[in-house]
Amino acid sequence: MKLTEYRDRSRFIEIAEPFLLRKEAENNLMLGLIGAFKRTIPAADVYTAAVVEDGVLAITMLMTPPHHLILSFNEDGMTETILLETVRAIVKKGLHIP
């Protein structure tokens, strides 16, 4: 499992948007925020990350502090191990999640 954080919004959009569009209704909040990135939200105010397992995108994450972390996950590839390792990585990083 590899968790990658993206400071480059365009790179995150490139990776996350096709994944999120597969379930557009479920992911409309994250998709809307991604659309706003291009216009208004400074990169320093946004946390974006993705988890890849065996070459497959498993989780995308987005947070605009002070708001909650938004997760979207691939149901076909999601396992308890991936989720636990993702939580461990976030805790180890010291990311404050309300």
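Rings of Phe, Tyr and Trp (its six-membered ring) count as a pair if their centres lie within 6.5 Å; planes under 30 degrees apart are stacked, those over 60 are edge-to-face, and the rest are tilted. By that criterion, one aromatic pair is found in a search of the whole structure. The model is predicted, so local features need pLDDT of at least 70 and side-chain atom pairs count only at pLDDT 80 or more, whereas totals for chains, interfaces and linings use all residues. Residues are numbered from 1 along each chain as its sequence is written, and side-chain values use heavy atoms, with hydrogens and water left out.

**Aromatic pair**
- The ring centres of Y6 and F12 are 6.0 Å apart and their planes lie at 50°, so the pair is tilted.
- Both Y6 and F12 are buried (under 20% relative accessible area; exposed is over 50% and partly exposed in between, with a 1.4 Å probe and protein chains only).

**N74**
- N74 lies in the loop between β4 (70-73) and α3; helices (H or I, at least four residues) and strands (E, at least two) are DSSP runs, numbered from the N terminus.
- With a relative accessible area of 11%, N74 is buried.
- The N74 side chain reaches the backbone nitrogen of D76 at 3.0 Å.
- Leaving out residues up to four places away in sequence, N74 touches F19, V56, L57 and A58 (contact means heavy atoms within 4.5 Å).

**G94**
- G94 belongs to the segment after α3 (80-93).
- G94 has a relative accessible area of 54% and is therefore exposed.
- The C-alpha atoms of G94 and V56 are separated by 26 Å, the two residues being 38 residues apart along the chain.

Conventions. A polar contact is a pair of N or O atoms within 3.5 Å; within protein, one must be able to donate a hydrogen and the other to accept it, and residues adjacent in sequence count only if both atoms are side-chain atoms.
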